[in-house]
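Have the structure open as you read.

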Amino acid sequence: MSSFNKRHVIVHSDNTAYTIEADNPYVPSEINASSSTPLLNSHIDMPSDILDKALNFEKLKCPVRCVASFDIVISMYYFYISWIFGFIFTTASVSGLIATVNYKKSMMTCYVGYQYFQVAGRAANLGYFIYIIASPQVPSITDANNTLVHLNGSPVNNSNAAEVVILTVMLLAQIYIARVVTKFYNLLPCDVDRDRVTYSAL
(Lines give C-alpha, C1' and ligand atoms only; values in the text may rest on other atoms or scores of the structure.)
Protein backbone atom coordinates (compact mmCIF):
# COMPACT_ATOMS: atom_id res chain seq x y z
CA MET A 1 0.00 0.00 0.00
CA SER A 2 1.34 3.40 -0.98
CA SER A 3 1.72 6.09 1.60
CA PHE A 4 2.82 9.68 1.60
CA ASN A 5 3.63 12.55 3.83
CA LYS A 6 3.18 16.23 3.16
CA ARG A 7 5.83 16.40 0.45
CA HIS A 8 6.57 12.85 -0.67
CA VAL A 9 4.89 9.89 -2.31
CA ILE A 10 5.74 6.23 -2.66
CA VAL A 11 6.23 4.91 -6.19
CA HIS A 12 6.94 1.37 -7.29
CA SER A 13 9.47 0.13 -9.81
CA ASP A 14 10.47 -3.49 -10.35
CA ASN A 15 8.47 -4.51 -7.25
CA THR A 16 10.47 -2.10 -5.08
CA ALA A 17 9.09 0.98 -3.33
CA TYR A 18 10.84 4.35 -3.61
CA THR A 19 10.10 7.76 -2.13
CA ILE A 20 10.05 10.81 -4.37
CA GLU A 21 8.72 14.32 -3.95
CA ALA A 22 4.98 14.69 -4.46
CA ASP A 23 5.46 17.65 -6.84
CA ASN A 24 7.94 15.74 -9.00
CA PRO A 25 6.83 16.28 -12.62
CA TYR A 26 6.99 12.52 -13.20
CA VAL A 27 4.19 12.01 -10.66
CA PRO A 28 0.92 12.01 -12.63
CA SER A 29 -0.52 15.50 -12.49
CA GLU A 30 -4.05 14.12 -12.02
CA ILE A 31 -3.06 12.86 -8.58
CA ASN A 32 -1.90 16.24 -7.30
CA ALA A 33 -4.62 18.19 -9.10
CA SER A 34 -7.58 16.17 -7.91
CA SER A 35 -8.61 16.19 -4.28
CA SER A 36 -10.83 13.20 -5.03
CA THR A 37 -7.75 11.08 -5.83
CA PRO A 38 -5.47 11.45 -2.80
CA LEU A 39 -1.96 10.08 -2.98
CA LEU A 40 -2.71 7.83 -0.05
CA ASN A 41 -5.16 5.83 -2.14
CA SER A 42 -3.04 5.61 -5.28
CA HIS A 43 -0.54 3.00 -6.45
CA ILE A 44 2.04 4.53 -8.80
CA ASP A 45 4.20 2.39 -11.07
CA MET A 46 7.27 3.76 -12.87
CA PRO A 47 9.62 1.96 -15.26
CA SER A 48 13.17 1.90 -13.90
CA ASP A 49 14.52 4.37 -16.48
CA ILE A 50 11.75 6.86 -15.68
CA LEU A 51 12.43 6.48 -11.97
CA ASP A 52 16.11 7.22 -12.59
CA LYS A 53 15.12 10.41 -14.41
CA ALA A 54 12.77 11.40 -11.59
CA LEU A 55 15.45 10.89 -8.92
CA ASN A 56 18.13 12.72 -10.92
CA PHE A 57 15.68 15.54 -11.56
CA GLU A 58 15.24 16.04 -7.82
CA LYS A 59 19.01 16.21 -7.31
CA LEU A 60 19.39 18.99 -9.90
CA LYS A 61 16.28 21.03 -9.14
CA CYS A 62 17.69 23.00 -6.21
CA PRO A 63 21.14 23.73 -7.76
CA VAL A 64 19.61 24.92 -11.03
CA ARG A 65 17.10 27.05 -9.13
CA CYS A 66 19.96 28.66 -7.20
CA VAL A 67 21.93 29.30 -10.40
CA ALA A 68 18.89 30.90 -12.05
CA SER A 69 18.29 33.10 -8.98
CA PHE A 70 21.94 34.18 -9.00
CA ASP A 71 21.73 34.91 -12.75
CA ILE A 72 18.75 37.19 -12.16
CA VAL A 73 20.84 39.31 -9.79
CA ILE A 74 23.87 39.30 -12.09
CA SER A 75 21.80 40.12 -15.18
CA MET A 76 20.77 43.41 -13.56
CA TYR A 77 24.34 44.57 -14.21
CA TYR A 78 23.69 44.52 -17.95
CA PHE A 79 21.16 47.33 -17.56
CA TYR A 80 24.17 49.60 -16.95
CA ILE A 81 25.53 48.56 -20.35
CA SER A 82 22.29 48.51 -22.33
CA TRP A 83 18.67 48.26 -21.30
CA ILE A 84 18.14 45.88 -24.23
CA PHE A 85 20.79 43.44 -22.99
CA GLY A 86 19.55 43.87 -19.44
CA PHE A 87 15.98 43.11 -20.43
CA ILE A 88 16.90 40.07 -22.55
CA PHE A 89 19.26 38.52 -20.00
CA THR A 90 16.94 39.20 -17.06
CA THR A 91 14.00 37.72 -18.96
CA ALA A 92 16.02 34.60 -19.80
CA SER A 93 17.08 34.17 -16.16
CA VAL A 94 13.55 34.70 -14.84
CA SER A 95 12.32 32.22 -17.42
CA GLY A 96 14.82 29.66 -16.12
CA LEU A 97 13.74 30.21 -12.52
CA ILE A 98 10.06 29.86 -13.38
CA ALA A 99 10.84 26.68 -15.32
CA THR A 100 12.31 25.13 -12.15
CA VAL A 101 8.99 25.81 -10.39
CA ASN A 102 6.37 24.88 -12.99
CA TYR A 103 8.60 22.48 -14.99
CA LYS A 104 7.85 24.00 -18.40
CA LYS A 105 10.34 22.74 -20.98
CA SER A 106 9.56 25.61 -23.37
CA MET A 107 10.60 28.19 -20.77
CA MET A 108 13.74 26.24 -19.91
CA THR A 109 14.76 26.32 -23.58
CA CYS A 110 15.28 30.08 -23.33
CA TYR A 111 17.48 29.69 -20.27
CA VAL A 112 19.59 26.96 -21.87
CA GLY A 113 20.19 29.25 -24.82
CA TYR A 114 21.21 32.03 -22.45
CA GLN A 115 23.75 29.72 -20.76
CA TYR A 116 25.41 28.80 -24.06
CA PHE A 117 25.44 32.45 -25.04
CA GLN A 118 27.41 33.08 -21.85
CA VAL A 119 29.79 30.23 -22.75
CA ALA A 120 30.35 31.73 -26.20
CA GLY A 121 30.90 35.17 -24.68
CA ARG A 122 33.48 33.96 -22.16
CA ALA A 123 35.25 31.90 -24.82
CA ALA A 124 35.40 34.94 -27.10
CA ASN A 125 36.68 37.09 -24.24
CA LEU A 126 39.46 34.61 -23.47
CA GLY A 127 40.37 34.26 -27.13
CA TYR A 128 40.44 38.00 -27.64
CA PHE A 129 42.62 38.52 -24.58
CA ILE A 130 45.11 35.89 -25.78
CA TYR A 131 45.11 37.51 -29.22
CA ILE A 132 45.80 40.93 -27.67
CA ILE A 133 48.72 39.80 -25.52
CA ALA A 134 50.17 37.74 -28.38
CA SER A 135 49.85 40.59 -30.85
CA PRO A 136 53.12 42.34 -31.76
CA GLN A 137 51.36 45.67 -31.34
CA VAL A 138 49.65 45.51 -27.97
CA PRO A 139 47.38 48.49 -27.28
CA SER A 140 48.62 50.13 -24.09
CA ILE A 141 48.68 53.30 -22.09
CA THR A 142 51.80 54.45 -20.29
CA ASP A 143 51.89 56.46 -17.10
CA ALA A 144 54.82 57.66 -15.01
CA ASN A 145 55.27 54.34 -13.23
CA ASN A 146 54.41 51.43 -15.54
CA THR A 147 52.67 50.28 -18.67
CA LEU A 148 49.09 49.04 -18.52
CA VAL A 149 47.14 47.03 -21.08
CA HIS A 150 43.47 47.95 -21.46
CA LEU A 151 41.02 45.17 -22.29
CA ASN A 152 37.28 45.87 -22.25
CA GLY A 153 37.94 48.93 -20.14
CA SER A 154 39.83 47.04 -17.40
CA PRO A 155 43.54 47.77 -17.00
CA VAL A 156 45.62 44.60 -16.77
CA ASN A 157 49.23 44.63 -15.67
CA ASN A 158 51.96 42.81 -17.49
CA SER A 159 51.43 39.62 -15.51
CA ASN A 160 49.12 38.24 -18.19
CA ALA A 161 49.43 34.61 -17.15
CA ALA A 162 47.27 35.18 -14.07
CA GLU A 163 44.62 36.90 -16.16
CA VAL A 164 44.56 34.04 -18.66
CA VAL A 165 44.13 31.57 -15.80
CA ILE A 166 41.26 33.57 -14.34
CA LEU A 167 39.48 33.86 -17.67
CA THR A 168 40.02 30.15 -18.33
CA VAL A 169 38.58 29.19 -14.94
CA MET A 170 35.57 31.43 -15.58
CA LEU A 171 35.04 29.78 -18.96
CA LEU A 172 35.28 26.27 -17.51
CA ALA A 173 32.88 27.19 -14.72
CA GLN A 174 30.41 28.55 -17.25
CA ILE A 175 30.70 25.39 -19.35
CA TYR A 176 30.00 23.29 -16.26
CA ILE A 177 26.94 25.39 -15.36
CA ALA A 178 25.65 25.16 -18.93
CA ARG A 179 26.03 21.37 -18.87
CA VAL A 180 24.13 21.10 -15.58
CA VAL A 181 21.32 23.33 -16.87
CA THR A 182 21.18 21.29 -20.09
CA LYS A 183 21.00 18.06 -18.10
CA PHE A 184 18.13 19.49 -16.06
CA TYR A 185 16.40 20.50 -19.30
CA ASN A 186 16.78 16.99 -20.71
CA LEU A 187 15.33 15.51 -17.50
CA LEU A 188 12.12 17.51 -17.79
CA PRO A 189 9.48 14.92 -18.78
CA CYS A 190 7.82 14.86 -22.14
CA ASP A 191 4.36 13.46 -22.83
CA VAL A 192 5.82 10.06 -23.75
CA ASP A 193 7.57 9.84 -20.37
CA ARG A 194 4.40 10.79 -18.50
CA ASP A 195 2.34 8.23 -20.42
CA ARG A 196 4.66 5.47 -19.22
CA VAL A 197 3.85 6.22 -15.57
CA THR A 198 0.72 4.43 -14.46
CA TYR A 199 -1.34 4.71 -11.32
CA SER A 200 -4.48 3.14 -9.96
CA ALA A 201 -6.76 3.76 -7.00
CA LEU A 202 -6.50 1.26 -4.17
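Predicted model: local features only at pLDDT ≥ 70, side-chain atom pairs only at ≥ 80, totals over all residues.

## The main core

Start with the largest nonpolar core, which has 18 residues. A nonpolar core here is a set of buried Ala, Val, Leu, Ile, Met, Phe, Trp, Tyr and Cys residues joined through side-chain atoms within 4.5 Å. Buried means under 20% relative accessible area, exposed over 50%, and partly exposed in between (1.4 Å probe, protein chains only). The members that touch the most others are Phe57, Leu60, Val64, Met108, Tyr111, Phe184 and Leu188. Helices H2 (48-75), H3 (83-102), H4 (105-134) and H5 (160-187) each give two or more residues to this core.

Take Val64 as a way in: setting aside neighbours within four places in sequence, Val64 is in contact (heavy atoms within 4.5 Å) with Thr100, Met108, Val180 and Phe184. Apart from this core lies another, made of eleven residues, including Val11, Ile20, Tyr26 and Ala54.

## What you're looking at

Residues are numbered from 1 along each chain as its sequence is written, and side-chain values use heavy atoms, with hydrogens and water left out.

## Overall layout

The protein has six helices and seven strands, running β-β-α-β-α-α-α-β-β-β-α-α-β from the N terminus. Helices (H or I, at least four residues) and strands (E, at least two) are DSSP runs, numbered from the N terminus. Of the 202 residues, 35% are buried. Among contacts between residues at least 6 apart in sequence, 65% join residues at least 24 apart.

S1 (8-13) and S2 (16-21) run antiparallel and are joined by six bridges; strands pair if DSSP finds at least two bridges between them. Asp14 counts as exposed, at 62% relative accessibility.

Tyr103 also has a positive phi, about 60°, although it is not a glycine. Tyr103 sits in the loop between H3 and H4 and is buried, with a relative accessible area of 10%.
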